[in-house]
Amino acid sequence: MKVRRAGDTALLVETGDLATAHRLNIAFRDAAPPGIVDVVPGERTVLVVAEPGTDLDRLAALLPGLPLPEDAAGGAEPVEIPVVYDGDDLDEVARLTGLSREEVVQRHASAAYTVAYLGFSPGFAYLTGLDPALHVARRESPRTAVPAGSVAIAGPYAAVYPSRSPGGWRLLGHSGFALWDVTRDPPSLLRPGTRVRFVREERR
C-alpha cells in the first residue's frame, strides 16, 4: 500500500485492489484511531480524513500494524433486491450485446455483486460483478430525470438509483426497495463491501 498526503488533514491510501480497500475501510473504523473524522473507501483507495492538527505521520505509521478482516462483508448474507425487468433500455441493451431480452435478464439476475463504493448521489452504490457480456456504454444523451428505484447498468457496473435524479445509465427495470432513507441509521442500505443479489419479480 502507498500512503500519500491529501491536503493538511487527510491521507490517501492506495490499496491496489477493491478487496483490500474494503478491508482497510473496516479496519480503520474498528480501530477508531483518535482524531479520525471520516473514512471514505474508493475502488482502489481509502481516504482517511482527520481533525485539523492531527499528526498525519503518526496516523500513517499505524497502517502496517492494522489487522485487516478476512471478509469486509463480515459473513453477512447478500442483500436481495427484487426487480421487475421492464426498463426502457432493455431492448437496446439486447441489441447492443447481441442477446435476447430474456438472456439479458437472466445474466443480470444470476450475477453476484459487491458494492465497490458510493458516489454520484446519496446512497448510489456502484456494484461490481456485472456479467462482461452486459458491459455497455452509457447513453449518449443522459435523461434529465431517472425515477427512484431504477435498476441500471453502465460499463462494468450495475446500480439502483436511490432517488430521482438525472442519469445516463441503461435502464433494465425497477425496484420498490428503499435504498436511501434519512430516518434510518445509517441512511444508506448499501455500504462498501456489501454483497448484493437481484431477484426477478413479475409485474403485479
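Which residues of helix H4 are buried? The model is predicted, so local features need pLDDT of at least 70 and side-chain atom pairs count only at pLDDT 80 or more, while totals for chains, interfaces and linings use all residues. Residues are numbered from 1 along each chain as its sequence is written, and side-chain values use heavy atoms, with hydrogens and water left out.

Helix H4 spans residues 101-110, and its buried residues are Val104, Val105, His108 and Ala109. Buried means under 20% relative accessible area (1.4 Å probe, protein chains only); helices are DSSP runs of H or I with at least four residues, strands runs of E with at least two, numbered from the N terminus. Viewed down the H4 axis, the buried residues lie within an arc of 115°, so they line one face of the helix. The arc is taken from the directions from the helix axis to the C-beta atoms. Among the elements covering these residues are helix H3 (90-97), strand E6 (113-118) and strand E13 (195-200).

Elsewhere, four strands form an open sheet in the order E1-E2-E4-E3, with antiparallel pairing; two strands pair if DSSP finds at least two bridges between them. Strands E1 (2-5) and E3 (36-41) stand at the edges with a single partner strand each, so one side of each has no neighbour in the sheet. The twist averages 20° from one strand to the next.

Five bridges join E3 to the antiparallel strand E4 (residues 45-50). Asp38 has Val49 as its bridge partner in E4, and Ile36 has Ala50. A hairpin of three residues connects E3 to E4.

Definitions and conventions. Buried means under 20% relative accessible area, exposed over 50%, partly exposed in between (1.4 Å probe, protein chains only). Contact means heavy atoms within 4.5 Å. Axes are lines fitted to C-alpha atoms, for helices over the stretch in contact, and angles run from 0 to 180 degrees between N-to-C directions.
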